[in-house]
Structures are given as C-alpha cells and as structure tokens.
Amino acid sequence: MIDVFNRLMGSQRKERLLVREKNKFLDLLIQASPQGIIILDFNERISDINPAGLRLLDIGDMEEVTGKRLNESGVEVAQQLSGMKKDDEIVIRTSNASIYRCVRSAFIDQGFEHPFILIEELTRDLLRIEKESYERIIRMMSHEVNNSVGAISSTLSVVSEIFRQDNN
C-alpha cells in the first residue's frame with residue numbers, strides 16, 4: 001500500500017512539474033509574441049495584456065485598463081473589440097491609418113472559459129503590398145510610354161527625312 005501511495009505521489013509531482021513548465025513556457029511565449037493579446041476574465045473584464053498589445057493599443061500603463069471592460073478602457077478600437085463573439089475575426093482601421101486583424105477565441109483555465117483577443121498589425125504588410133503594386137503599375141506604364149515614344153520617334157525620323165529630300 002505504501003509503495004502504491006509513493007508511486008502515486010511521485011506521478012503527481014511529475015505531473016505538477018510538467019504543468020508548471022508548460023505554463024511558464026506559455027507565459028514567456030505570450031510576453032514575446034509580436035501579436036497583441038488581450039486576456040479577459042469570465043466577466044469580460046481585462047485581466048492581462050501582453051507588451052505587444054500595450055504597444056499596438058497605445059496603452060501607457062497596464063493599470064489604466066486592468067479590471068475594466070473593453071468599452072470602458074478608453075482604447076480607440078474598444079467598441080469594435082467589445083462587440084466580438086467567440087471565433088469572430090474582424091479587420092479594424094484606426095484614425096491614424098493603422099490596420100489590425102483581430103480574432104477572438106477562448107481557453108479553459110481551472111474549469112472556467114477565459115476569452116482572449118489576438119491583435120495582429122497589418123499596416124506594414126499592406127503598405128508593402130501596395131508599394132509593390134504601384135511599382136508594377138509604374139513599370140508597365142513606363143514600358144508602354146517607351147514603346148509609344150519609340151514609335152513616334154521612328155515616325156518623326158521618317159517624316160524628317162522626307163522633308164529633307166523635298167528641300168533638296
């Protein structure tokens with residue numbers, strides 16, 4: 001009986017250690033993520049925001065928003081975020097021309113569902129794509145203008161030659 005108890009305790013200790021290590025890894029991953037992450041409690045109040053989320057949402061101090069509902073937080077995009085339901089995905093444009101892709105999901109912790117919102121900044125990617133598109137259009141237009149100029153130049157050369165012959 002004692003041997004079984006000791007094995008059970010050893011197994012529980014290993015399990016607890018494994019869970020702690022996974023939680024620590026997830027905490028480090030959340031803190032290092034380039035995506036903003038807003039974690040809400042089961043009352044829809046902000047419980048945590050990672051550093052990228054603070055930067056993207058232009059929040060100076062976490063204490064400003066902790067415990068508040070999204071629409072009470074004073075964050076510019078709060079209204080759109082607070083209207084999201086589980087598994088919703090939206091694209092938000094802010095007044096300073098930033099573009100964010102936001103996805104709402106949830107995880108289970110200690111038997112309770114905790115909603116969270118992932119915020120990914122698309123502004124740089126979209127600007128890069130837009131720049132590449134304009135470069136392609138400019139290259140095409142340059143090609144067409146050069147083709148036209150070449151044809152016009154050739155025609156003018158022929159006309160100029162005809163005028164020279166007529167003068168002679």
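The legends below describe close-up views of a predicted model.

**View 1. The largest pocket and its lining.**
The largest pocket has a volume of about 450 Å³. Its lining is made of 15 residues, and those nearest the centre are Leu26, Asp27, Ile30, Ile39 and Phe107. Helix 1 (2-32), strand 1 (36-40), strand 4 (99-109) and strand 5 (112-121) each contribute at least two residues to this lining. Helix 1 gives the most, with six residues. By class, the lining of the largest pocket has eight nonpolar, four polar and three charged residues.

**View 2. The second largest pocket.**
The second largest pocket holds about 200 Å³ of space. It is lined by 16 residues, of which Leu56, Leu57, Asp58, Val75 and Glu76 are the closest to its centre. Seven residues of this lining are nonpolar, six are polar and three are charged.

**View 3. Strand 5 and its two partners.**
Strand 1 and strand 5 run antiparallel and are joined by four bridges. Within this pairing, Ile38 stands opposite Ile117 of strand 5. Strand 4 and strand 5 also run antiparallel, and ten bridges join them. Here Tyr100 has Glu121 in strand 5 as its bridge partner. Strands 4 and 5 form a hairpin with two residues between them. In the turn, Gln110 has a positive phi of about 55°.

The structure holds eight salt bridges, and one of them joins Asp3 to Arg7. The closest N and O atoms of this pair are 3.7 Å apart. Both residues lie in helix 1, four residues apart, which is about one turn of the helix. Arg7 has a relative accessible area of 54%, so this residue counts as exposed.

The side chains of Lys86 and Glu113 meet in a salt bridge, with an N to O distance of 3.5 Å. The pair links distant parts of the chain, 27 residues apart: Lys86 lies in the loop between helix 3 (78-82) and strand 3 (89-93), and Glu113 lies in strand 5. Lys86 is partly exposed, with a relative accessible area of 45%. Glu113 is also partly exposed, at 41%.

Glu89 and Arg101 form a salt bridge through their side chains, at 2.9 Å from N to O. Glu89 is in strand 3 and Arg101 is in strand 4, twelve residues apart. Arg101 has a relative accessibility of 28% and therefore counts as partly exposed. Salt bridges with shared partners join Glu89, Arg101 and Glu120 into one network.

Notes: Residues numbered from 1 in each chain as written. Predicted model: local features only at pLDDT ≥ 70, side-chain atom pairs only at ≥ 80, totals over all residues. Heavy atoms only, no water. 1 Å grid on protein atoms, 1.4 Å probe; cavity = no way out; pocket = protein on both sides within 12 Å on 5 of 7 lines; lining within 4 Å. Points joined across faces, edges and corners; volume = space filled by probe spheres on them. Nonpolar A, V, L, I, M, F, W, Y, C, P; charged D, E, K, R; others polar. Pairing = 2+ DSSP bridges. Salt bridge = Lys/Arg side-chain N within 4 Å of Asp/Glu carboxyl O. Buried < 20%, exposed > 50% of the residue type's maximum accessible area, 1.4 Å probe, protein only.
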